[in-house]
Amino acid sequence: MKPIVLLVLMLTLISCNTQKEEAHSFFIAGHTYGNPNNENHPLGLYKPFKDKFESINNESTIDLGFLLGDLVWNPKKTASWDAVVNDINTLRPKIHVARGNHDGVLEDFESRFGDSYKGFVHKKNLYIILDPLIDEWNISGDQLEFFKDAIATEKDNVDNIFIFTHPVIWWHNINYPKPFPNSLHYKSPDSNYWTLIEPMLKEIDKPIYLFAGDVGAFSKEKRKADHILEYDYHEDDNITYVSSGMGGGVRDNFVIVDISANGQVSFRLIHLNGDDINGLGQLTDNFKSNK
């Protein structure tokens, strides 16, 4: 091989091996059918959320989106699902869906969106969607084995681990009592997040982010007077908890998650009510003030 060719090849390999990851973003949005008190339940996703689709599509760094359950009010209406799918198809980022308690039986959901729990690696981050509704908010059986295997296989190769569910699986009347979720439907009194899943996650030497979407259906004025229901954020060692949702009409929101080229994670809390998308301020740790 000629020296000049060898030099070019070596420089190319060095460049490939030292190239930094691109900065990129994704969004999470919970309870996206919107207002449970609207008797007419307009077809498709919540209009204040859809009004932000253009801005989402215009942000070139946003390449993924996660709808965290409750896409429709009545899953038996085919027209409702058709409208939701049409809305999803207007979004440029690749959309993934976590099954909510309003999203129908497992077989019907999977016929539209594929496996209700799954994982993938994207730009050096591990993304895992879970379906706690399979077993009363427990991660158990085949799903637990999948979860363990996905983490064991990829944890040493990624910067961050992102986990998505519809139920606020970490809600606990003592460990994490606020904000209260929209619903505790199908929840076992002894669901295994704090006894099994949380200890397992604490042993992983990587930042872990849990996102849930079953909040936001009821405004603070209608349900509770002492704490925010529509979003929450809390850091606990290597685990960060984030809940986000809409439908209450006061602090409707979704969250954009920004990942820098070196794997650092930051959040943007997007307000859906009014003209100021920053009207809710920054997503900050509310846990101490909620206790």
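Me: What does the accessible surface of the protein come to, and how much of it belongs to carbon and sulfur atoms?
Reply: The accessible surface comes to about 13,900 Å², and carbon and sulfur atoms hold 50% of it. Such areas are calculated by the Shrake-Rupley method with a 1.4 Å probe; for residues, only the protein chains shown count as cover. The model is a predicted one, in which local features need pLDDT of at least 70 and side-chain atom pairs count only at pLDDT 80 or more, while totals for chains, interfaces and linings use all residues. Residues are numbered from 1 along each chain as its sequence is written, and side-chain values use heavy atoms, with hydrogens and water left out.

Me: What share of the residues of the protein counts as buried?
Reply: Of the 291 residues, 51% count as buried. The term means under 20% relative accessible area, whereas exposed means over 50% and partly exposed lies in between (1.4 Å probe, protein chains only).

Me: Why is strand β1 described as largely enclosed by the rest of the structure?
Reply: All 7 of the 7 residues of β1 (residues 24–30) are buried, so the strand is largely enclosed. Strands are DSSP runs of E with at least two residues, and helices are runs of H or I with at least four, numbered from the N terminus. Both faces of β1 are covered: His24, Phe26, Ile28 and Gly30 are buried on one side, and Ser25, Phe27 and Ala29 on the other.

Me: What makes β1 and strand β10 a pair?
Reply: Two strands pair if DSSP finds at least two bridges between them. β1 and β10 (residues 253–259) are joined by 5 bridges and run antiparallel; histidine 24 has isoleucine 259 as its bridge partner in β10. β1 is also joined to β2 by 6 bridges, in a parallel arrangement, and phenylalanine 27 stands opposite glycine 65 there.

Me: How do you know that β4 and β8 are edge strands?
Reply: The strands β4 (118–122) and β8 (231–236) each pair on one side only. They belong to an open sheet of 6 strands with mixed pairing, in the order β4-β5-β6-β7-β9-β8. Within this sheet, β5 and β6 are parallel and share 5 bridges.

Me: Why are the buried residues of helix α4 said to be on the same side?
Reply: In α4 (residues 78–88), the buried residues are Ser80, Trp81, Ala83, Val84, Asp87 and Ile88. They cover an arc of only 160° around the axis, and therefore lie on the same side of α4. The arc is that of the directions from the helix axis to the C-beta atoms. These residues pack against α2 (47–50), α3 (53–58), β2 (62–68), β3 (94–97) and α5 (106–113).

Me: What makes a set of residues a nonpolar core?
Reply: The members must be buried Ala, Val, Leu, Ile, Met, Phe, Trp, Tyr or Cys residues joined through side-chain atoms within 4.5 Å. In the largest core, of 28 residues, Phe147, Ile163, Trp170, Tyr193, Leu201 and Leu210 touch the most other members. Its largest share, 5 residues, comes from α7. A second, separate core of 24 residues includes Phe27, Leu45, Ile62 and Ile88.

Me: Which residues is tyrosine 193 in contact with, leaving aside its neighbours within four places in sequence?
Reply: Contact means heavy atoms within 4.5 Å. On that basis, the partners of tyrosine 193 include Ile169, Trp170, Leu201, Leu210, Ile239 and Tyr241.
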